[in-house]
Amino acid sequence: MIPLIPAEAVEPELPGLTEAAPALDWWLLAPLLTVFAAGVLAVLFEAFVPAGRRGLQIALAALALLTVFGLVLAQMATLPEEGALLAAGVLAVDRTVLFFQGTVAVLALVSLMLIAERRDGRDAFAAQAATVPGSEEERAHIMAGSQHTEVYPLVLFAVLGMLMFPASNDFLTMFIALEVMSLPLYLMCGLARRRRLFSQEAAVKYFLLGAFASAFFLFGIAMVYGYAGSVDFADIRAAVESGGAAVFAGGEGEPLLVMGIGLVGVGLLFKVGAVPFHNWKPDVYQGAPTPITALMASCTLVAAFGALLRVFFVPFGGSVQVWEPMLWTVAILTMVAAAIIAVTQRDVKRLLAYSSVVHAGFILTAVVANSVEGLAGAMFYLAAYGFTTLGAFAVVTLVRTKDGGQEVGDLDQWAGLGRRSPLLAGSLGLFLLAFAGIPLTSGFIGKFAVFEAAVAGGATPLVVVGVLSSAVTAFFYVRIIVVMFFRDPEGEGPTVAPAGVLTGGVIALGVAATLVLGVFPQAFLDRLLPGAEPGAEPVSVTVHQVTAASGEG
Amino acid sequence: MIPWLTLAIALPAVGALVLWALPRASAETAKRTALGFSLATLLVAAGMALSFDVSAAGRLQFEEVHPWIPYFGVNYAVGVDGIALALILMSVVLVPLVVLAGWNEHDDRPDGGRGYLALVLLLEAMMVGVFAATDVFLFYVFFEAMLIPVYFMIGRYGRGDDRARAAVKFLLYSLAGGLVMLVAVIGVYVYGGTFLWSDLVGEGGALSALSPETARWLFLGFFVAFAIKAPMWPVHTWLPSAAGASRPGTAVLLVGVLDKVGTYGMLRYCMELFPGAVSWFVWPVVGLSLVSIVYGAVLAIGQTDMMRLVAYTSVSHFGFITLGIFALTPSGQAGAALYMVNHGLATGALFLIVGFLIARRGTALIADYGGVQKIAPKLAGTFLVVGLAGLALPGLAPFVSEFLVFVGVYEFNAVPAVLATAGVVLAALYILWMYQRTMTGPLPDTLSGLRDLSGREAWAVGPLVALIIAFGLYPQPVLDVINPAVERTAEENASEAAAVADGGAEEGDEE
């Protein structure tokens, strides 16, 4: 978006327009550019490197994600506290954004371990996705050992979107980030090696519903543009605080703003999977290849919440009274409805999907708190939840039918797992206890952080609803433990595929993160925000940087 | 200075880890290791008790404060006053006896009892921690985390087909209560700005400026969790099924120690953190306590299973404890605190003896026994003594505490005191009738050859009987430790208590 209008034609109220090339901070852009370059390179590999490129692709993707994480860490040390605007103000980076980017990079790296895992020379993805399931052609491809190494560039592009999503500083960039993130995910959902029809159904559902959500989001942007006369976050915030763009007198633009916030909210709440926009989650989580489900359950959630926090705290930060009732309603609906529906589920992946919905509800209570503590609480919660859920899905990939066949989703068939593989069942038990928020796990600290912020922010009734639905969710987590540990195996029962180094590594990382963040969270909490002393200003730190930068411009 | 409390928490926790790390095939080693660690913990606790300054039992001693999560103002803070010390001592006395009493239970388990004994030791660490914690957050952490070992002890190592259900019921009840308490814990932090108990309580404490309405809500949040834990009617239903599905050893720790956390919490947290809210809750709680006393006793009479029967008697006994606490008189609260210790000893012994019967015949049904005293007189005799302790016979320890509770409640108001005597009468009925049905009468053929108390079993239950008799005849040492702590609470509630007593007297007259 480089405007090409001659300088003398510029109206005085549009100081941002100039013919000079925008100053690009290459250093701060480096994480995005790294992933982008790696993605493009991976596509070229697909085209020019002959068979046997799988190792190369994995190495490239891992290297790119590691580099991103290293860069983010280095930037964290050098970035000024108020943050910085990048690329002509379409992106903004501050500590919060760097935290989200770093978390996405690490979680994506861990997901990559799951994605790269192979059993008997086969990974979790279809030999040739374009063939009709069950056809001769498909068989031929399976026999020939075809594989989709395109997964790796797709992951890289999805991660690019996730890195951009919370860093966007105007709505158009945010929309582009949303699409860059979502399109590869739609594709990857349909790539499961087994139960392919199911997987394709999930992909189509996700795509259709996702397209609707994007449309809502875009429509909302139009409304907000109509109200504020700009898509830039700082301008919108200024407009909200002064009662709308210059064309509106006496607050008559208010309906536009309310509709805009509502529609943009729908788009974002769809991505985090809050009720009533959650319906895609169970189907998609169940149908998608489990490693991709793990990627979505961890990274996508982090990125989507990063964007959601940014949108509600920065451009809409001045209209709390408009969105707070909306988020109250959605948070209550999410926590209550998802917890109750989850009780009736029989399939592990669907259960974890509903559990993810409930957790989104818990994190929303921290958004409602609208405070620095709430922001920090949500950040901690997301990181902790990401590791735990990755570990849980890693366990799911290992429990299979008798002859090492497909994954066993049905809970009844998990009976007696604790007797056969105590370590595996014990790890999953720990993850479930963390989901339930039992002390000495990361889940408890996260829950405490968001609920504490919500109570301090005056949302005590929301917290009461939260703890009550926590009690309901505990029921189904505990039921899985009952099935695994207290029941005898029925008949043959599931077999546990021997954990490869990668999957075993993911589980071990999940256990370690769950325990360390649960028992010694201080070191991590200290680094969440720059000088986040409790009781600081009730708006995100991102605000300082946005307003300061727009003032300079 | 020796960090006694940290030592008493860490030692059993290390023991649990050692047990888990032991090789599979070493059942005998596992048992010995568990007994060794629990005895070592007992020694540590004894050492602590000896260096405890009784003359200053009203204030916290052996205090340790280390920052844990400064971000939330959380400290690892432990310390004990007289009440906490007595309860910790009771807990660490019970654990080695439980290990000893269940010595042969593990022989047919594939893991040789490693898993179960490790959980027992882990639970011991948390029991000491929960009584010693002087940071509300730390208390909550122990309060919730200790559910997990018990959940596995019931669900995985319990008795009967219903154990998984009973374990889930136990866990969900306790978790629901605990989560409600979490809101109150957060509230304490938001309003008080600290979790340190010593900074929160008292005149000019961080919570002294709380508005009465907020204080009431926070009080209620804590109280719900403690009432479920205690357990008080009508949220007691998890206890009989949990105890019925437990091994006797689990039941001893569950009813003898875990449930005390509820009443201890009422005394320590509800009363002291929110003195302004107490008066508002006195009469409702007294009413619920009376219902618990009578209801628990009546249901105990109707039980056919001895484990469930003892569990219901405990519902009745916990009614006395809460009644004593909420009478808000020094003797009532001293009686309640003493009751907690004595109940742990008496009920623990009762469960152990039922456990000996189960070990012999594999059943806890009353109908399966009869005439046991003819062939196992020592077993029957011990059963009678601890049973009589359960019904508070003078000369045995529970009598002293029950008497103090009655005195305290009478000072507060005569009506509940009179109503509570129904519990004493019914206690005689359920205990003696159970004894009569199982120990006297003709000996059925199925029981021929029943062994009498073995040496190991005598060592397991003997110390408890000795303590029951000793504290029955000379309760002064325990009272010396408990009283100053109770008086401190009572002083803080003094003005409130007076106001309530006046109001209560008027209400009593109306009745």
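**Loops, chains and contacts**

A: B:P231 sits in the loop between helix 9 (212-229) and helix 10 (238-244) of chain B. Helices here are DSSP runs of H or I with at least four residues, strands are E runs of at least two, and both are numbered from the N terminus. This is a predicted model, in which local features need pLDDT of at least 70 and side-chain atom pairs count only at pLDDT 80 or more, while totals for chains, interfaces and linings use all residues. Residues are numbered from 1 along each chain as its sequence is written, and chains are lettered from A and ligands numbered from 1 in the order in which they are written.

Q: What kind of peptide bond joins B:A230 and B:P231?
A: A cis one, with omega about -15°. B:P234 is also placed in the loop between helix 9 and helix 10 of chain B, and the bond from B:W233 to B:P234 is cis, with omega near 5°.

Q: How many helices and strands does chain B have?
A: Chain B has 21 helices and 2 strands. Its radius of gyration is 22 Å, close to the 24 Å that the globule rule gives for 511 residues, so chain B is as compact as a globular protein of that length. The radius is taken over C-alpha atoms, and the rule is 2.2 Å times the number of residues to the power 0.38.

Q: And what share of chain B is buried?
A: Buried residues make up 62% of its 511 residues. Buried means 20 or more other C-beta atoms within 10 Å of the residue's own, exposed means 12 or fewer, and partly exposed is in between, with C-beta atoms placed from the backbone.

Q: Is B:L328 buried or exposed?
A: B:L328 counts as buried because it has 28 C-beta neighbours inside 10 Å. B:L328 lies in the loop between helix 13 (306-326) and helix 14 (330-361) of chain B. Its phi is near 60°, a positive value in a residue other than glycine.

Q: Switching to chain A, where is A:N370?
A: A:N370 is in the loop between helix 13 (348-369) and helix 14 (372-398) of chain A. Phi of A:N370 is positive, near 55°, and the residue is not a glycine. A:N370 is buried, with 25 other C-beta atoms within 10 Å.

Q: At which residue does helix 1 of chain A bend?
A: Helix 1 (residues 26-48) bends by about 40° at A:L32. The bend is the angle between axes fitted to the seven residues ending there and the seven starting there. A:L32 is one of the buried residues of helix 1.

Q: What do the buried residues of that helix pack against?
A: Their partners in chain A include helix 2 (54-78), helix 3 (95-116) and helix 5 (151-164). Contact means that the C-beta atoms of two residues, placed from the backbone, lie within 7 Å.

Q: How many residues does each chain give to the contact between A and B?
A: Chain B gives 25 residues and chain A gives 25 residues.

Q: Which helix gives the most on the chain B side?
A: Helix 7 of chain B, with 14 residues. That side divides into 21 nonpolar, 2 polar and 2 charged residues. Ala, Val, Leu, Ile, Met, Phe, Trp, Tyr, Cys and Pro count as nonpolar, Asp, Glu, Lys and Arg as charged, and the others, Gly among them, as polar.
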